Structures are given as C-alpha cells and as structure tokens.
Amino acid sequence: MSMPVTITMFAIAFIFWPTESWPFDRTEITKISQDVMNEQTISMDVLKKSFSPNKFTLRKGVPVKWVINVRELNECNEAIVIPQYGLEIKLQPGEQIIEFTPTESGMVPWSCWMGMIPGTFIVIDDDESKR
Ligand SMILES: [Cu+2]
C-alpha cells in the first residue's frame with residue numbers, strides 16, 4: 001500500500017466518523033477544564049472552640065463550594081454569620097455544603113453567631129492571582 005492511498009483512507013474515515021463516538025472530542029475536553037477553572041472548593045471542620053482552618057483565600061467571581069464538616073456541634077458554633085453577605089448558616093452535625101460567589105475583593109470576616117469564634121475570607125481578583 002503506497003503512502004498517498006493510506007492518507008486518503010484515513011481522511012475518509014475521519015470525515016465519516018460519528019462525532020459522538022470520536023474519542024478525542026475537543027468540545028468535551030474544553031468543557032471539563034473550564035469547569036475546573038470555574039469553581040473553588042474549600043473544606044472546614046467545625047470543632048468545639050474553633051473553625052479549622054478559619055482563613056481562606058478566594059478568587060473573586062468564581063463560585064465557591066464551602067464544605068463544612070460539623071464534628072463538635074454546640075450552642076456556640078451552631079450558626080455562622082457572614083454580615084457582609086447577609087448570610088446566617090445554621091449548622092447540623094455532619095457535612096453540609098454552602099455555595100456562594102464572592103463579587104467583591106477584600107477581607108470578609110465571619111464568625112459564630114455570638115461573634116466568639118472568628119473566621120476570614122480573603123477575596124482576591126483573578127488578575128492578581130495570575131501575576
Ligand atoms: Cu459562639
């Protein structure tokens with residue numbers, strides 16, 4: 001089989017290959033990597049006297065999944081307030097996921113509902129993190 005014939009056959013196979021079954025579907029690959037770029041997940045344990053960790057750096061404009069693992073629930077830590085976002089999160093034992101998108105850069109303090117156990121989000125511009 002001469003080279004030009006082989007190339008032609010491959011070209012024909014490529015043209016008639018059903019798009020759905022083509023293993024290297026470019027649109028699918030692009031979609032997955034965009035999803036990774038377009039969300040940020042943070043995890044935190046709720047303990048008797050602390051949130052651990054209690055300081056997170058977030059990228060502005062990127063949806064956040066805040067995985068809260070409540071291990072030692074009590075009257076003090078049963079709710080988290082984020083005044084700047086107007087959020088009050090009631091906690092239950094076990095894992096819960098809070099989703100939000102920070103729209104402004106800067107410091108966002110939060111705490112237990114009594115203000116005794118503190119925490120902070122540091123929201124940075126996406127441009128800053130690329131530099
Ligand atoms: Cu408290």
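## Basis of the model

The structure is a predicted model, in which local features need pLDDT of at least 70 and side-chain atom pairs count only at pLDDT 80 or more, while totals for chains, interfaces and linings use all residues. Residues are numbered from 1 along each chain as its sequence is written.

The pLDDT is the predictor's confidence in each residue, on a scale from 0 to 100. The chain has a mean pLDDT of 81, and 67% of its residues reach 70 or more. In residues 4-18 the pLDDT is below 50, and this stretch has two contacts in the model beyond near neighbours in sequence. Two residues are in contact if their C-beta atoms, placed from the backbone, lie within 7 Å.

## Overall make-up

The chain contains three helices and nine strands. Both kinds of element are DSSP runs numbered from the N terminus: helices are H or I with at least four residues, and strands are E with at least two. Read from the N terminus, the order is α-α-β-β-β-β-β-β-β-β-β-α.

Of the 131 residues in the chain, 8% are buried. A residue is buried if 20 or more other C-beta atoms lie within 10 Å of its own, exposed if 12 or fewer do, and partly exposed in between, with C-beta atoms placed from the backbone. Among contacts between residues at least 6 apart in sequence, 64% join residues at least 24 apart.

## The five-strand sheet

Strands of a sheet pair through backbone hydrogen bonds, either parallel or antiparallel. Here, two strands are said to pair if DSSP finds at least two bridges between them. Five strands make an open sheet with mixed pairing, in the order E3-E9-E8-E5-E6. E3 and E6 are the edge strands, and each pairs on one side only. On average, neighbouring strands of this sheet are turned by 20° against each other, direction ignored. For such angles, axes are lines fitted to C-alpha atoms, for helices over the stretch in contact, and angles run from 0 to 180 degrees between N-to-C directions.

Strand E3 (residues 55-59) runs parallel to E9 and is joined to E9 by five bridges. In this pair, Phe 56 stands opposite Phe 121 of E9. E8 and E9 are antiparallel, with six bridges, and Met 107 stands opposite Ile 122 in E9.

Strand E5 (residues 79-82) and strand E6 (residues 87-90) are antiparallel and share four bridges. The bridge partner of Ile 80 in E6 is Ile 89. E5 and E6 form a hairpin with four residues between them, and Gly 86 in the turn has a positive phi of about 65°.

## The four-strand sheet

A further open sheet has four strands in the order E2-E1-E4-E7, again with mixed pairing. Strand E2 (51-52) and strand E7 (94-100) are at the edges with a single partner strand each, so one side of each has no neighbour in the sheet. E4 and E7 pair in the antiparallel sense over seven bridges. Val 70 stands opposite Gly 94 in E7.

## Loops

Gly 115 belongs to the loop between strand E8 (106-112) and strand E9 (118-124). In this hairpin, with five residues between the strands, Gly 115 takes a positive phi near 80°. Gly 115 counts as exposed because it has 11 C-beta neighbours inside 10 Å. Gly 115 and Asn 77 are 38 residues apart in sequence, with 9.6 Å from C-alpha to C-alpha.

Cys 76 sits in the loop between strand E4 (64-70) and E5. With 13 other C-beta atoms within 10 Å, Cys 76 is partly exposed. Leaving out residues up to four places away in sequence, Cys 76 touches Cys 112, Met 114, Met 116 and Ile 117. The C-alpha atoms of Cys 76 and Met 114 are 6.8 Å apart, although the two residues are 38 residues apart along the chain.

Pro 53 lies in the loop between E2 and E3. The peptide bond that joins Ser 52 and Pro 53 is cis, with an omega of about -5°.
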